[in-house]
Amino acid sequence: MIRSQRWKGAAFTVPFQLGFVFLYLLPIGYAVYESLFQEKQSGLGLGGATREFAGFDNYQLGLTDSAFMGSILRVVLFACVQIPFMLLVSLVLALFLDAVTSKAANRFRIVLLVPYMIPGVVAAIVWVNLYSPAVGPLTPLGDLFGFDWNFFAPSMVWPSIGNLLTWHGIGYNMVIIYSALQGVPRELFEAARLDGASESRIALSIKIPFVRGALVLTGLLSIIQMLQIFNEPALFRRITPETVDDSFTPIMIIYNQAFNAGNYHYAAALSVLLALILGVASFLFFRLTSKEVD
Amino acid sequence: MATTTTDSPKKSGRSGMPPVQRITRPDTASRGRGGQRFILLGLILASAYSLFPVWWLIVAATKDRVGLYQSNGMWFSGMHLWDNLHQLFTYEDGIFLRWTANSFLYAGVGSLGGTLIALATGYGLARFDFPGRGVVFACVVGSFLIPIALLTLPLYLMFSEIGLVDTPWAMLIPCLINPFSVYLAKVYTEATIPFELLEAARIDGAGELRIFFSIVLRMMTTGGATVFLLAFVNTWNAFFLPLTVLRGEENWTLNIGLYNWTGKTLESGIDVTSLVLTGALLSIVPLAIMMTAMRRYWRSGVTMGALK
């Protein structure tokens, strides 16, 4: 390729590069910079606050902040239950789709993708109302079977949110796993059948190992989303502020520190910490899942 | 991972994304009847679970307040959809229509600009070998891991310093740079634009800009439509960014408006549940229409996620 042509090619990427610098690199740098400072009250607090360099004090505070670490633990525990459950259901449904005629599979696939078409906030609004004892149909349904369930009770908030996330996410994950399943060479099944393998055996020993890559990917995407969960608990908080407090998830704490407490420096430090945790979690997940292959 | 999807764009040649491959399965006949029934039952139950909230929402949007609180949630009780719509459109001087227009503005204009930038970048990355290309691509992929709070909070501070907070620009500018769109555009370019074609155009004396606008963009309509659709949906669904950078309700999106109304009963005692539900239903309609109309593109885009 001629030299001048190369530079013309680079020119096509210039708008993006500029935007990336201003909308990604600069904000991250700014957040890291801000996280190294603290507002300090001078003397008796009469002279107003002054800005002082604080080194890693904000980070130390964050790591020992029981509300922040507690929220991370809460979200991680929840992720350990909800993500495997959702992926298992998605996998089973993808295997089911793979087992029916392609005409039926297409119809079911479209129906099962309907929840994914709904914006996350709207999905949360719908479910909050479904759960609502005043307007929702689930409370009368519970009465019918003798359950006296309260979806907004402290012990029920996570299952309620988990159900909402599962409902919203199954279709998308199923489609990714299903399209991976389509890549399994069909001759493998014939060969296995000739050898006398049952359909469930084929699913377990051929299909599932073949879609491992898709499962790792959907798992990773779910973990990244889950550590940043905000929309659903924020919406629950609008309905039941007494069960979902303002430090329910890491992002909720960061948002509150920045906009309600006005403590940008601390919020910046916490968001850097969250990014590091996210990076480490993704890395560990990849290591764990790729080790099993060997 | 590219090898695990049948509709990988790499195989699709010049015509863009292929329709999802249909595979005939003669083997299903050999399965036991009971097994098939069990599988169908499972799929039907999953479909019912997926659809019943939407059904409930449609039914709820047709009820007046009495019906909403007292009748069976899963079936109709009177037809008050028009009253609800009228109420929704006139509430607080038609603020709902304003939010709808805002959502269309941010998602439409933002995604259009973002798609154009992404296509140019994807083309540059896929078809030119310039120094720093690897760094740009590493930035694209690396940014998938950045939590939204880490970007949004400093962006808010920066925007407030230059007076952009609480203006439409605060939503539009971030939409212009979308690394995932760039990633998709690169993959689509690799699949649809042959090197030989570019060489031929150059020999014919076409300039690089002309090649991009009159050949590349035209051949990328399918890929471009997918990128646009996914970006549109993404912006339409956005929540954390608009919640942070838009303070006054005249600039809000549908999501923020509906979120705000949801807690109103508790905050001020004014019951707007009926408005929230009708509004929620309406806010799905544009997405549903767009996704159905562009189903082919969308499906390939969803499975493209598997290539990441």
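In which crossing, left-handed or right-handed, does α8(A) pass α11(A)? The structure is a predicted model, in which local features require pLDDT of at least 70 and side-chain atom pairs count only at pLDDT 80 or more, while totals for chains, interfaces and linings use all residues. Residues are numbered from 1 along each chain as its sequence is written, and chains are lettered from A and ligands numbered from 1 in the order in which they are written.

Two packed helices are described by the angle between their axes and the distance between the axes. In chain A, helix α8 (residues 157-181) packs against helix α11 (residues 212-227) at an angle of about 160°, the axes being 8 Å apart. Helices are DSSP runs of H or I of at least four residues, numbered from the N terminus; axes are lines fitted to C-alpha atoms over the stretch in contact, and angles run from 0 to 180 degrees between N-to-C directions. The two helices α8(A) and α11(A) are therefore roughly antiparallel, a term for angles over 145 degrees. The crossing of α8(A) past α11(A) is right-handed, meaning that the near helix is turned clockwise from the far one by less than a right angle. Residues A:N173, A:I176, A:I177 and A:A180 of α8(A) meet A:G213, A:A214, A:L215, A:L217 and A:T218 of α11(A), contact being defined by C-beta atoms, placed from the backbone, within 7 Å. This contact of α8(A) with α11(A) comprises 6 nonpolar, 3 polar and no charged residues. Ala, Val, Leu, Ile, Met, Phe, Trp, Tyr, Cys and Pro count as nonpolar, Asp, Glu, Lys and Arg as charged, and the others, Gly among them, as polar.

In chain B, the axes of helix α4 (residues 95-127) and helix α8 (residues 179-192) come within 7 Å and cross at roughly 50°. Among the residues in contact are B:G114 and B:R127 of α4(B) and B:S181 and B:E190 of α8(B).

Chain B is divided into domain 1 (32-79) and domain 2 (90-307), with bounds from an automatic or database domain assignment. Their C-alpha centres lie 32 Å apart, and each of these domains of chain B gives 6 residues to the contact.

Between the chains, 87 residues of chain B are in contact with 81 residues of chain A. Helix α1 (residues 33-61) of chain B supplies the largest share of the chain B side, 14 residues.

Technical notes:
Contact = placed C-beta atoms within 7 Å. Parallel < 35°, antiparallel > 145°, perpendicular 65-115°, else oblique.
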